[in-house]
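Please read the following account with the sequence and the coordinates side by side. It starts from a single residue, goes on to the whole chain, and then returns to further individual positions.

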Amino acid sequence: MGFEYIEIERVEKLTKEEFLKNYYVKQKPVVITNQIEDWPAFSKWNLAYIRQEAGHTTVPLYDSLKTDYTKKVNEPDFTMTMNEYLDIMEKGPTDLRIFLYNLFKDAPQLKADIKWPDFGVRLFKGFPLVFFGGEDSKVFMHYDIDLANIFHFHFNGEKQCVLVDPRESKYMYRLPYSWICNEDIDFDRPDFEKFPALQKVKPYITQLKHGEMLYMPEGWWHYMKYLTPGFSLSLRSLAHKPGNLAEAFTNVFLRRNYDNWMRKRKGQAWLDYKDEEAFRRTNALVR
């Protein structure tokens with residue numbers, strides 16, 4: 001037995017008025033198609049083009065192993081050139097992925113391939129981030145530290161996206177001082193005996209194809225699985241709820257630094273404590 005998924009609504013190209021009224025104000029996820037056909041990236045962005053334009057860049061890589069206490073929050077596991085990574089991607093399934101990488105900083109010519117969309121919200125133009133994954137690579141279930149509204153454009157192949165409403169966070173076995181849940185949870189095959197509170201979660205699901213965009217409202221959990229080798233571009237806007245803005249500030253400037261300090265001070269014992277607390281707090285809700 002697994003989750004009972006809710007399909008994320010899919011619509012064709014939206015005006016900013018339609019987006020604001022029906023999705024942004026309601027904080028409702030949506031997949032938008034036929035929105036970026038006028039971007040040069042729509043016809044140009046594939047793995048061969050990225051190799052041509054940015055193959056020399058050094059990229060941050062992450063694997064599927066559990067958090068290592070010797071590393072800071074979101075510190076990459078290792079680095080290599082984009083060409084070396086694409087070689088691995090193209091050989092077959094891999095758990096290696098690129099996460100939170102500002103490709104435009106190292107390959108600024110690629111900026112000309114996108115057009116900043118007008119959805120009626122102000123986007124952070126200094127923080128366009130890309131994410132790459134080989135077949136079967138997975139991005140752990142998490143929500144973003146800054147609780148931003150995310151506009152996630154996918155390229156080259158297919159990607160499965162699972163979202164969870166932040167109102168269900170209490171059932172997600174969220175680790176203290178973190179933005180992730182217990183890393184032993186397999187969101188493809190959840191173990192409801194070990195994690196009984198997950199039975200109260202009703203995730204949303206969709207599959208993104210080349211050129212499609214997923215809007216993820218602020219604070220929503222998301223888990224991504226690459227069905228084929230591919231990559232995505234995320235554009236972001238500031239959280240508009242005052243409570244989320246305050247939490248984002250606390251996360252970025254206080255909780256993250258405290259977590260890094262405790263990893264250094266307590267080592268693995270700190271991570272073990274966080275796992276135990278997540279179990280204790282979450283399971284107490286379903287006894």
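Where is the place of A148? In this predicted model, A148 sits in the loop between β8 and β9. Its relative accessible area is 2%, and because buried means under 20%, A148 is buried. Leaving aside neighbours within four places in sequence, A148 is in contact with M216, P217, E218, G219, R236, S237 and A239. The C-alpha atoms of A148 and L245 are separated by 8.8 Å, although the two residues are 97 residues apart along the chain.

The loop that holds A148 also holds I145, which lies between β8 (138–142) and β9 (149–155). With neighbours within four places in sequence left aside, the contacts of I145 are W179, A248, N251, V252 and R256. For I145 and P229, which are 84 residues apart along the chain, the separation of the C-alpha atoms is 26 Å.

Turning to the whole chain, the protein has seven helices and 14 strands. A compact globule of 287 residues would have a radius of gyration near 19 Å, and the protein has 19 Å, which agrees with that expectation. Along its principal axes, the C-alpha trace spans about 55 × 45 × 40 Å. Of the 287 residues, 53% count as buried, and the protein exposes about 13700 Å², of which carbon and sulfur atoms supply 51%. Among contacts between residues at least 6 apart in sequence, 81% join residues at least 24 apart. As for charge, there are 41 positive and 41 negative side chains, and the centres of the two sets lie 6 Å apart.

Among the helices, α4 covers residues 82–91, and its buried residues are M82, Y85, L86 and M89. Seen down the axis of α4, these buried residues fall within an arc of 100°, so they line one face of the helix. Just after α4 comes G92, which takes a positive phi of about 150°.

Another is L100, with a positive phi of about 55°. L100, however, belongs to strand β6 (residues 97–101), and with a relative accessibility of 33% L100 counts as partly exposed.

Not counting residues up to four places away in sequence, N182 touches M172, Y173, L175, F195, D275 and F279.

D106 is found in helix α5 (residues 103–106), and its relative accessibility of 36% puts D106 in the partly exposed class. When residues up to four places away in sequence are not counted, D106 touches H56, T57, T58 and Y101. Between D106 and S64, which are 42 residues apart along the chain, the C-alpha atoms are separated by 26 Å.

R10, in turn, lies in strand β2 (residues 10–11), and R10 is partly exposed, with a relative accessible area of 40%. Apart from its neighbours within four places in sequence, R10 is in contact with V31, T33, T206, Q207 and E212.

Technical notes:
Residues numbered from 1 in each chain as written. Predicted model: local features only at pLDDT ≥ 70, side-chain atom pairs only at ≥ 80, totals over all residues. Heavy atoms only, no water. Helix = DSSP H or I, 4+ residues; strand = E, 2+ residues; numbered from the N terminus. Rg over C-alpha atoms; globule rule 2.2 N^0.38 Å. Buried < 20%, exposed > 50% of the residue type's maximum accessible area, 1.4 Å probe, protein only. Contact = heavy atoms within 4.5 Å. Areas by Shrake-Rupley, 256 points an atom, 1.4 Å probe, with all protein chains shown as cover. Lys, Arg positive; Asp, Glu negative; His and termini not counted. Charge placed at Lys NZ, Arg CZ, Asp CG, Glu CD. Arc of directions from axis to C-beta.
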